[in-house]
Amino acid sequence: MTKIQLKNVSKAYGNSKKVIDNMNLEIRDGSFTVLVGPSGCGKSTTLRMIAGLEEVTSGEIWIGDQLVNEVAPGKRGISMVFQNYALYPTMTVRGNIEFGLENMKIPKVERKKMVEEIAEIVDLTEFLDKRPQNLSGGQRQRVALARAMVKKPKVFIFDEPLSNLDAKLRGQMRTELIQLHKRLGTTFIYVTHDQVEAMSMGDEIVILDKGNIMQQAAPMEVYHNPENQFAAKFIGIPAMNVLPIAMLERNIGKMTDGRIFHVGFRPEHAEIQTAKQTTSGVHLPCEIMTMETLGSETLYLVNSDAGQFQVKSFHNPLMNTKKVHVTIPFDKLYFFDTQGNRVYTDGLPFEWRDEKVREEVLV
Amino acid sequence: MNLAKSSYINEVSEGEKPRSIKLTKWRPYLLIAPAIIVFLVFFIQPIFYMIYLSFHEWNFISPDKTFVGLENFIVLLSDPMFLQVIRNTLMYTFFTVLLSISIALLMSIWLNRQGWMYSFVQGAVFSPHIISLVSIAMLWMWIMDADYGLLNWVLSLVGINKVPWLTEPNIALASLIIIAVWKNIGYYTLIIIAGLQSIPKHLYEAAALDQTSGIRRFTKITFPMLSPSLFFLTIIGILDSIKVFETISIITKGGPLNSTNTLVYYIYENGFIFFKIGYASAAGVILLVILGILTLIYFKALSKRVHYQ
């Protein structure tokens with residue numbers, strides 16, 4: 001059992017403001033949990049506290065059924081892959097992988113076997129006697145992985161391990177890590193600021209902002225059902241459009257729910273057309289400001305009475321068009337209160353401005 | 001316009017080019033000439049002149065130099081006094097460098113942290129480095145004075161008898177080593193602390209996760225990562241110590257009983273006190289050979305074991 005629990009954990013450096021404020025987090029055994037958030041949100045600090053590289057100011061950290069607050073980093077059954085790999089430059093690849101085993105006083109014959117097995121898995125056999133300086137970024141990354149794997153830890157921890165690689169290699173390593181997780185079945189905790197990595201790799205995402213957990217859920221759950229404006233805007237490319245509800249009242253009718261302050265919708269859920277259609281939803285006459293064609297999809301920045309927002313379309317780009325018509329289906333609208341928290345409503349929280357729309361919805 | 005332009009091009013291609021090529025060819029040599037001339041006149045020429053003199057007998061004043069072949073070298077190498085000078089020099093160098101680096105390493109590990117006290121101590125141990133060697137020599141002559149010295153007074157407080165620091169042949173060389181180490185430590189500490197601070201912190205974090213013991217953390221990470229600094233200090237330490245002159249010339253003048261006479265002082269003594277220029281030059285040649293061999297050894301053997309990022 002290696003679920004990880006943070007109970008009321010806070011962290012402050014010196015007397016300054018708390019970086020992590022009363023965090024409660026549970027990481028399931030065998031999950032691939034991704035901590036994601038903008039820089040300075042406390043994700044790395046959280047990770048380093050779990051690893052034991054930072055002390056907690058208050059609260060408890062449990063790994064399995066052991067309270068690890070006072071346990072040395074090496075004794076927590078954790079392996080960590082660092083952002084800059086942190087390979088020992090004075091040792092060969094073999095030395096790097098073997099170092100932890102030597103410290104654990106594993107006999108030489110066994111050590112040799114373990115190192116060679118791991119080298120085989122990460123495809124480093126021919127580089128075992130080279131020094132890290134003579135390897136490429138991707139190879140160094142694999143040495144770091146091998147060094148972490150060889151100790152057979154209960155938990156793997158990754159601190160933005162792919163951020164130093166180029167885009168192509170990053171994509172490749174992403175798949176390799178997912179496969180690795182499947183094969184090992186160990187708990188993975190992964191920190192990144194890149195929401196694409198979070199969405200594609202994690203089976204659980206923890207979104208952090210300013211030391212607070214904004215949402216913890218499976219990637220698609222976060223995408224379809226964000227708990228607040230921050231989570232809604234953080235996940236998804238491009239970010240969710242969020243407009244003040246007051247600007248939309250003219251188009252949809254009077255609000256019946258006083259809590260609602262903002263309304264959001266995803267760019268890919270809005271339909272962009274040249275003429276008004278009869279499908280039900282919020283209808284907005286718009287003007288195209290910019291257009292980015294990405295091949296399979298097109299990204300529009302449009303301007304309407306309600307404000308500027310983005311629309312993602314999978315149809316052919318609308319060349320030489322200025323005036324367009326955007327329709328957002330009612331069931332794709334997200335409502336938020338003044339604090340940015342999600343407002344859940346039964347049915348639609350506004351009066352029908354035009355009866356025809358109501359009929360369409362009710363049918 | 002067109003016409004003007006083409007005539008300009010003609011002028012450049014036909015008139016200017018040959019001259020500018022000539023100039024381009026010589027320009028680099030012209031630019032390094034001042035440095036090369038200084039180097040040749042003040043470094044290379046004296047070396048060859050010294051080698052030339054080492055085969056002659058000359059008293060510095062008489063116009064004629066008598067060619068004596070290898071006699072100077074033969075006399076030198078069969079002179080028990082010279083052999084003692086060599087032994088003194090090597091002993092002095094070995095212990096000065098070893099103690100300076102070891103003590104500085106311990107000091108650095110202790111001082112490499114935040115706090116006004118550490119900064120103060122670091123500044124304090126550095127201060128001998130900026131004092132002139134002559135002043136240091138005068139200061140230590142007083143400190144180590146057998147009858148009125150500070151050191152013996154402090155020792156007498158804890159009941160230790162007077163030590164004849166500078167007058168006993170068995171102790172005098174050790175005393176000079178103490179002085180040299182005292183002067184070196186500050187600078188060495190500074191260099192090693194800089195080396196310690198350039199070791200990335202994440203290496204220690206990785207080591208912590210690898211369950212590394214304190215001793216192995218030092219021998220496997222800190223020490224290898226410091227090797228460039230230590231290598232640098234070893235080289236300058238050995239070159240400095242082999243050429244020691246000021247403290248000996250002021251404090252002991254090679255005595256008592258030749259026990260603190262080292263190569264450079266011996267050369268000076270023979271050349272400028274006894275005016276045996278040929279003989280002194282031969283000793284100079286031997287110093288040159290020793291320094292050359294040492295430098296070669298470092299770069300061949302030691303540099304392989306040194307880690308550079």
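In which loop of chain A is Pro238(A) found? Pro238(A) belongs to the loop between helix 8 and strand 11 (241–244) of chain A, where helices (H or I, at least four residues) and strands (E, at least two) are DSSP runs numbered from the N terminus. The peptide bond from Ile237(A) to Pro238(A) is cis, with omega near -10°.

The model is predicted: local features need pLDDT of at least 70 and side-chain atom pairs count only at pLDDT 80 or more, whereas totals for chains, interfaces and linings use all residues. Residues are numbered from 1 along each chain as its sequence is written, chains are lettered from A and ligands numbered from 1 in the order in which they are written, and side-chain values use heavy atoms, with hydrogens and water left out.

Rings of Phe, Tyr and Trp (its six-membered ring) were paired if their centres lie within 6.5 Å; planes under 30 degrees apart count as stacked, over 60 as edge-to-face and the rest as tilted. By this rule there are 24 aromatic pairs over all chains. The ring centres of Phe230(A) and Phe234(A) are 5.7 Å apart and the planes meet at 15°, so this pair is stacked. Both residues lie in helix 8 (residues 229–234) of chain A, four residues apart, about one turn of the helix. Phe230(A) is partly exposed, at 23% relative accessible area, while Phe234(A), at 16%, is buried (buried means under 20% relative accessible area, exposed over 50%, partly exposed in between; 1.4 Å probe, protein chains only).

In chain B, Phe39(B) and Phe43(B) form a stacked aromatic pair, with 5.7 Å from centre to centre and 25° between the planes. Helix 1 (residues 2–53) of chain B holds both, four residues apart, about one turn of the helix. Phe39(B) is partly exposed at 41%, and Phe43(B) is partly exposed at 48%. In chain A, one aromatic cluster is formed by Phe32(A), Phe156(A), Phe158(A), Phe188(A) and Tyr190(A).

A charge sits over a ring if NZ of Lys or CZ of Arg is within 6 Å of the ring centre and within 35 degrees of the ring normal. The charged end of Lys65(B) is placed over the ring of Trp58(B), 4.6 Å from its centre. Lys276(B) lies over the face of Tyr279(B), 4.5 Å from the ring centre.

Most residues other than glycine have a negative phi. Lys253(B), however, has a positive phi, near 50°; this exposed residue (52%) lies in the loop between helix 10 (246–252) and helix 11 (263–273) of chain B.
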